[in-house]
Amino acid sequence: MRYEVSSQYAARRRVLAAACANCRLRIVSALGDFLSRTGSLAVLSGAGVSTGSGIPDYRDRSGDWKHAKPIEYGPFISSEATRRRYWARSYVGWQRFSAARPNAAHAALAALDDAGMIDTLITQNVDRLHQRAGSRNVIDLHGDLGKVRCLDCNSVFSRAGYQRQLKRVNADWHAEVFRIRPDGDAELADGTHEGFTVADCFHCGGMVKPDVVMFGESVPRDRVDEASAAVDRADALMVVGSSLMVFSGYRFARQASASGKPIVIVNDGRTRADDLATLKLEGDCADVLSDALDQMPTRSRRPNFCRGISS
Ligand SMILES: [Zn+2]
């Protein structure tokens, strides 16, 4: 495991920029020190937190797309063929996605929560793994893939129940899967989805959509306001496992910076807010956070492993 100090941080804290045998320890200590000195944190988490749970992320270390862009809101709403393609892929991807368990990064953030250091955790992830790890005050900025919403009658169903319905109406359908994609998506062989049947709303027969903010769709205003208020309340912002390439998350880094709050970023690769960061640590967020917790003798707490944390 190797941590890198960003040039931004190196420029501000020259003592840590020099390569030395204790560099890693000192960098982690700096994060532990930052956390220890901070009264309360707003945390903004992204896909990098869940990669350790087997859920792929969208971006590479440069912040560029790793895969073809996901299906967007506009085509989903306007095209029956696109919806069929979406749900066929989701039907396959859900089996893996729904089996994911929290990893050490989720556990470390839950431990910080237990230690009373986190006011609110704002996540761009739709997997609810923070809640399963024990984090309490979580805002699911982009929604919850575990739910399905009817766009006609606004009923909300569990995704697990909808999956059973999809299974019933597609008993004879089989897919050749190439690879698992982010957010419960799966890449299938060309044309596979054409034989797939999309189940309608259980109540009204209307069009259903995953209860998440799709690409090309806006985050509901009240949710943005709630997250924005959390950033205002906190003494500092910590960004974990996100490149912040999507504006819905980046806006909170801008907000914190504009109000003079310190920003610490832990991410394996470049982020859009690197130039706003007080402290930037590059590396696996589970490793960095876990090691930083170990450097905080008075405030660190071990996670509650009865909640089903996988290492
Ligand atoms: Zn309905």
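## Close-up views of a predicted model

Figure 1. Arg-149 stands opposite Val-156, a residue of strand β6. The model shown here and in the other views is predicted. Strand β5, residues 143-150, runs antiparallel to β6 and is joined to it by 3 bridges. Helix α8, made up of residues 159-169, packs on the sheet and touches β5, β6 and β9. The direction of α8 makes about 75° with that of β6.

**Figure 2. Three strands form an open sheet.** The order of the 3 strands is β6-β5-β9, and their pairing is antiparallel. Strands β6 (156-158) and β9 (208-212) stand at the edges. Each of these edge strands has a single partner strand, so one side of each is left without a neighbour in the sheet. Direction ignored, neighbouring strands of this sheet are turned by 40° against each other on average. In general, strands of a sheet pair through backbone hydrogen bonds, either parallel or antiparallel.

**Figure 3. Helices α6 and α11 cross with a left-handed sense.** Helix α6 spans residues 104-114 and helix α11 spans residues 285-294. Their axes come within 8 Å and cross at roughly 35°. On the α6 side, the residues in contact are Ala-104, Ala-105, Ala-108, Leu-109 and Ala-111. They meet Cys-285, Ala-286, Leu-289, Ser-290 and Leu-293 of α11. By class, the residues of this contact are 9 nonpolar and 1 polar, with no charged residue.

**Figure 4. Helices α9 and α10 cross with a right-handed sense.** The axes of α9 and α10 come within 10 Å and cross at roughly 35°. Ala-227, Ser-228 and Val-231 of α9 meet Phe-252, Gln-255 and Ala-256 of α10. The contact of α9 with α10 has 4 nonpolar and 2 polar residues, and no charged ones.

**Figure 5. Ser-228 in helix α9.** Helix α9 covers residues 221-233, and Ser-228 lies in it. The C-alpha atoms of Ser-228 and Ala-256 are separated by 9.2 Å, while the two residues are 28 residues apart along the chain. Ser-228 has 15 other C-beta atoms within 10 Å and is therefore partly exposed, as a residue counts as buried at 20 or more such atoms and as exposed at 12 or fewer.

**Figure 6. Arg-128 has a positive phi.** Most residues other than glycine have a negative phi. Phi of Arg-128 is near 60°. Arg-128 lies in the loop between β3 (118-123) and α7 (129-133). With 17 other C-beta atoms within 10 Å, Arg-128 is partly exposed.

**Figure 7. Leu-244 also has a positive phi.** Leu-244 is not a glycine, yet its phi is about 60°. The loop that holds Leu-244 runs between β10 (236-240) and α10 (247-258). Leu-244 is buried, because 26 other C-beta atoms lie within 10 Å.

**Figure 8. The protein chain as a whole.** The chain contains 11 helices and 12 strands. Of its 311 residues, 45% count as buried. Among contacts between residues at least 6 apart in sequence, 72% join residues at least 24 apart.

Methods:
Residues are numbered from 1 along each chain as its sequence is written. This is a predicted model: local features need pLDDT of at least 70, side-chain atom pairs count only at pLDDT 80 or more; totals for chains, interfaces and linings use all residues. Axes are lines fitted to C-alpha atoms, for helices over the stretch in contact, and angles run from 0 to 180 degrees between N-to-C directions. Helices (H or I, at least four residues) and strands (E, at least two) are DSSP runs, numbered from the N terminus. A crossing is left-handed if the near helix is turned anticlockwise from the far one by less than a right angle, and right-handed if clockwise. Two residues are in contact if their C-beta atoms, placed from the backbone, lie within 7 Å. Ala, Val, Leu, Ile, Met, Phe, Trp, Tyr, Cys and Pro count as nonpolar, Asp, Glu, Lys and Arg as charged, and the others, Gly among them, as polar. Two strands pair if DSSP finds at least two bridges between them.
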